[in-house]
Amino acid sequence: EFVEEKVEDMLECAQREDVAFLVVGDPFGATTHTDLYLRCVELKTPVTIIHNASIMNAIGCCGLSLYTFGETVSLVFFTKTWKPDSIYDKIKSNQQHGLHTLVLLDIKVK
């Protein structure tokens, strides 16, 4: 949530001083992170990317190939007012095409 809500503050601060943005997994694994990077490039803000290990990298260690995976889905924490069900259709579609499904589990960070 921080990135979506405070991105303008981060970009403004990065114009004046060094800013670090740490993520779990691959730094370009989320479209929000890619958007932040592209905004920095557009603003001519210097950016250094340090790639991290991610579950996508670990698939090969299990003897599986990324080529045999369909769309990756995220299983999020439901709330009283938000219970997305699109995950089921994506898993079913992958199965119908003979593909594995990587299900990413949401985490709660305190």
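**View 1. The aromatic pair formed by Phe28 and Tyr37.** A search of the whole predicted structure finds one aromatic pair, where rings of Phe, Tyr and Trp (its six-membered ring) pair if their centres lie within 6.5 Å, and planes under 30 degrees apart count as stacked, over 60 as edge-to-face and the rest as tilted. Phe28 and Tyr37 form this pair in an edge-to-face arrangement, with 5.3 Å from centre to centre and 85 degrees between the planes. Phe28 counts as partly exposed at 32% relative accessibility, and Tyr37 also counts as partly exposed, at 28% (buried means under 20% relative accessible area, exposed over 50%, partly exposed in between, with a 1.4 Å probe and protein chains only).

**View 2. Helix 2 and its buried face.** Helix 2, residues 31-42, is numbered from the N terminus among DSSP runs (helices are H or I, at least four residues; strands are E, at least two). His33, Leu36 and Cys40 are buried in helix 2; seen down the helix axis, the buried residues fall within an arc of 55 degrees, taken from the directions from the axis to the C-beta atoms, so they line one face of the helix. The face turned away from this buried side carries the exposed residues Thr31 and Glu42.

**View 3. Lys44 after helix 2.** Lys44 lies in the loop between helix 2 and helix 3 (55-58), and its phi is positive, near 60 degrees, in a residue other than glycine. Most residues other than glycine have a negative phi. Lys44 is exposed, with a relative accessible area of 72%.

Residues are numbered from 1 along each chain as its sequence is written. In this predicted model, local features need pLDDT of at least 70 and side-chain atom pairs count only at pLDDT 80 or more, while totals for chains, interfaces and linings use all residues, and side-chain values use heavy atoms, with hydrogens and water left out.

How values were computed
Expected span 1.5 Å × (residues − 1).
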